[in-house]
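I opened a new page for this structure. My notes follow in the order in which I looked things up.

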Amino acid sequence: MSVLRPLLASIWMGWQREIGWGNPVVAILARSVAPAAGALTAAIVYWFGASAAGLFDPGRLAYVVVGASLYGQVALYAYVPTSAISEGKNSYVYPQVFMTPSSSIPYLTGRCVASFLESVPVVVISVAVCALVSFEFFHANLPLVISPVSVALFVAAMALIFPSALGLGYMLGSYAIFASKFEWAVPSYIAGTLMILSEALYPASVLPWPLSVVAQSLPFTYFMRASRDVLLYGSLSRYVSDAAIAFFLGLPLLALGLLAFKSGENRGRQKGFIDRKSM
Amino acid sequence: MYARTWVRVRSIYGEPLWLVVGIAFPLFTTFGLGFLYRSSGVGALAGFAVLGGIAVSFWSNVVWSMATQFYWDKQEGIFELYLVSPAPVSAILIGMSIGGFVGTAPSALLVGVVGWQVFGSAVTPSWALVAAGFVLTIVALYSLGMLLASVYLAYGRQAESLNDSVMQTVSMFSGAYFPSVGVGSPFPVSLQLVVSLIPLTIGMDVLRKAVFAPLTSAFPTVYEDLAILAVLCVVFFVLAQWAIGRMRERGRKKGTLVVRMG
């Protein structure tokens, strides 16, 4: 109960911060513009390249669309703890959390959950826009498997990758306690790394060694595969295997993130870093 | 103008981390889309992604360090100093543009060098056309940035919150990473006409033609593109001057020039 109340309050606060500034529908649509544009850019690049090579395949286009719509969202909620701390330092919100006798972990977790809740409709809108544009401009029907079961399994995959994103978020949050500049650049690095290494746009085999090996060991890669297993291939057995690998690879990341954040938080309290504002 | 240029150049070169920070978005996008080109069957086109990364470095600087700068300066209390100084606001904006360009150039260069090392795309540049296209594109882009600075100042937080959307959407429609106008464009002609009003669209078209001549030999209209770019430079510069005047007038009448938003 002592964790649940601050967690729920933080989810509500995060939702208000991200979506509550206006009409929720308008806010979600506004949030979807950049991810949809990014996914469309990747889709057009594939269409242009594959058409030039005479190798265009709608299935592969759907592969790119799903991955391009997803990687940015995972990066987004991994960035939330950093944002909550650095922005919170400047707006004096985070010191109010930090000075309480308990840890900031429920607060940061709640903010991440709010971001996760926001990202689900954003991904759906992004994929829908890409499917519409593909049909209108490329005359290609994306072979997506859309059914209540596939959508439910896809949302479950997003939930199963949450511990990994949270672990990464805690680690970055620990850094944000001490950092006083450039924290806002972090999402570019996370999103960029995920775009290159997590099979967001192409199979890991395209990457040169050792990047291909690194890609195979990331939970995010298996999350991409699990999402495609249900949305493109309709393969439940592969989905279960990939989703399980994504989840279990994420657990050490979560444990490491918690450890890093607790340690950073304790040190921050001892040394008084909370008063150091971001530039 | 010199003073504002100097401040911007010093602020960037005095903090080496800016290079690391500034390079992230264009470099990762270049790599991601370059590998996507390679996996789609035409590795030679990966050079389009590298060229796009270089251009997006500058576009990113225009959006984040030109368009929003006056709004941030207002929030920090610096904008008042600009207004009371005898220097014209347009000179400050030009100084900011020159400083921004000089500060972004190393990041853009690094994206180009690393990108070409990784993807090894064959290029057959016509250097005179590359230079002309590049200079005109930069002038037109920063003129657009000057115009947006006034718009963002007038509309404050609403405009700032759209920054990310503007950045990504313009990158897509302008065809930073693929041809968005002419042969090879996925867009209908009407949309191509609209997106041609974005300087980056025509600029990228010129640069692709000038850098990858054999790949783009089907597009012989590079001189027409240069003429359009020159017109866009003049139009956006004049519009920016007009917008600055309007912004000052509107701010004075409403008394909002130095009012900070919470």
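**Val139(B).** I began with Val139(B) and found it in helix 7 of chain B, residues 127–160. Is Val139(B) buried or exposed? I counted 21 other C-beta atoms within 10 Å of Val139(B). The cut-off for buried is 20 or more, so Val139(B) is buried. I then looked up Ile98(B), which lies 41 residues from Val139(B) in sequence. In space the two C-alpha atoms are 9.5 Å apart. I note here that the model is predicted.

**Helix 4 of chain B.** Next I turned to helix 4 of chain B, residues 69–76. Which residues are buried in this helix? I noted Gln69(B), Phe70(B), Tyr71(B) and Lys74(B) as buried. I also checked the backbone just after helix 4 of chain B. Gly77(B) sits there and takes a positive phi of about 90°.

**Chain A overall.** I moved to chain A and went through its secondary structure. I recorded 11 helices and zero strands. From the N terminus on, the elements run α-α-α-α-α-α-α-α-α-α-α. The radius of gyration of chain A is 19 Å, close to the 19 Å that the globule rule gives for 279 residues, so chain A is as compact as a globular protein of that length. Along the principal axes, the C-alpha atoms of chain A fill a box of roughly 60 × 45 × 35 Å. Of the 279 residues of chain A, 52% count as buried. I also checked the contacts in chain A with a separation of 6 or more. Residues 24 or more positions apart account for 81% of them.

**Helices 7 and 11 of chain A.** I note that a packed pair of helices is described by the angle and the distance between the axes. I took helix 7 (residues 162–178) and helix 11 (residues 236–271) of chain A. Their axes are 7 Å apart, at an angle of about 20°. That makes helix 7 of chain A roughly parallel to helix 11 of chain A. The crossing of helix 7 and helix 11 of chain A is left-handed. By class, I found 15 nonpolar, nine polar and one charged residues in the contact of helix 7 with helix 11 of chain A.

**Helices 10 and 11 of chain A.** I then paired helix 10 (residues 219–233) of chain A with helix 11 of chain A. Here the angle is about 155° and the axes are 8 Å apart. That makes helix 10 of chain A roughly antiparallel to helix 11 of chain A. Helix 10 of chain A passes helix 11 of chain A in a left-handed crossing.

Note on methods. Residues numbered from 1 in each chain as written. Chains lettered and ligands numbered in written order. Predicted model: local features only at pLDDT ≥ 70, side-chain atom pairs only at ≥ 80, totals over all residues. Helix = DSSP H or I, 4+ residues; strand = E, 2+ residues; numbered from the N terminus. Rg over C-alpha atoms; globule rule 2.2 N^0.38 Å. Buried ≥ 20, exposed ≤ 12 C-beta atoms within 10 Å, placed from the backbone. Contact = placed C-beta atoms within 7 Å. Axes fitted to C-alpha atoms, helices over the stretch in contact; angles between N-to-C directions. Parallel < 35°, antiparallel > 145°, perpendicular 65-115°, else oblique. Left-handed = near helix turned anticlockwise from the far one by under 90°. Nonpolar A, V, L, I, M, F, W, Y, C, P; charged D, E, K, R; others polar.
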